[in-house]
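The entries then turn to the whole chain and to a few single residues.

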Amino acid sequence: MLIKSQKDFFAGLLFIAIGLGFAWGATDYELGGTARMGPGYFPMALGALLAALGAVIAFKALVIETADGEPVGRWAWRPLFFVTLANVLFGVLLGGAPWLGLPPMGLIAAVYALVLVASLASRESRLKESLALATVLALGCWGAFVVGLKLPFQVWPAFISG
């Protein structure tokens, strides 16, 4: 069997793995039915849908011929490191890290840290653009989650808000 597009094939396998992982994780929760959905219904449905999408993508990569076969390139370690670090830092700043003695720093600080650290993944990012994006996203998150949905997020660090 000849893989005609390596990028699509491995992307399809990744989708299948993540989808099956979510579907398997959803089995710990009650699924319910279509009329009365349980907490596991939505992750199960999305996991199955993602796995099916991955199967279609992987199958097409085996069947449809591409010009150069699109080989998989080298690993992009810099973006992988900084994007992962940004997400971990976002979670730590939003929820705090009691084992480190770090209290929750609030939604605004977490969003700014997320954007600024993730911008280090690209050598072409500019500080002014990253700060503008962080401001827009912080205001959008505050408006959507705190004002609109009334979720109980700490917006500012305790030493600012009291």
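Entry 1: The model is a predicted one, in which local features need pLDDT of at least 70 and side-chain atom pairs count only at pLDDT 80 or more, while totals for chains, interfaces and linings use all residues. Residues are numbered from 1 along each chain as its sequence is written, and side-chain values use heavy atoms, with hydrogens and water left out.

For the pair itself I wrote down an angle of about 170° between helix α3 (residues 77-95) and helix α4 (residues 107-119), with their axes 8 Å apart. The axes are lines fitted to C-alpha atoms, for helices over the stretch in contact, and the angles run from 0 to 180 degrees between N-to-C directions. On the α3 side of the contact (heavy atoms within 4.5 Å) I listed Phe82, Leu85, Ala86, Asn87, Leu89, Phe90, Leu93 and Leu94, which meet Leu107, Ala109, Ala110, Val111, Ala113, Leu114, Val117 and Ala118 in α4. By class, the residues of this contact are 15 nonpolar, one polar and no charged, where Ala, Val, Leu, Ile, Met, Phe, Trp, Tyr, Cys and Pro count as nonpolar, Asp, Glu, Lys and Arg as charged, and the others, Gly among them, as polar.

**Entry 2: the whole chain.** I counted six helices and zero strands, these being DSSP runs (H or I of at least four residues for helices, E of at least two for strands) numbered from the N terminus. I noted a radius of gyration of 21 Å for the chain, against the value near 15 Å that a compact globule of 162 residues would have; the radius is taken over C-alpha atoms, and the globule rule is 2.2 Å times the number of residues to the power 0.38. Along the principal axes, the C-alpha atoms fill a box of roughly 65 × 50 × 30 Å.

What share of the 162 residues counts as buried? I found 23%, with buried meaning under 20% relative accessible area, exposed over 50% and partly exposed in between (1.4 Å probe, protein chains only). Among contacts between residues at least 6 apart in sequence, 61% join residues at least 24 apart.

**Entry 3: isoleucine 16.** I placed this residue in helix α1 (residues 6-26) and noted that isoleucine 16 is partly exposed, at 22% relative accessible area. Beyond its neighbours within four places in sequence, isoleucine 16 is in contact with Ala51, Gly54 and Ala55. The C-alpha atoms of isoleucine 16 and glycine 54 are separated by 4.9 Å, although the two are 38 residues apart along the chain.

**Entry 4: threonine 135.** I found threonine 135 in helix α5 (residues 127-148), partly exposed at 31% relative accessibility. From threonine 135 to isoleucine 108 I recorded 8.6 Å, C-alpha to C-alpha, across 27 residues of sequence.
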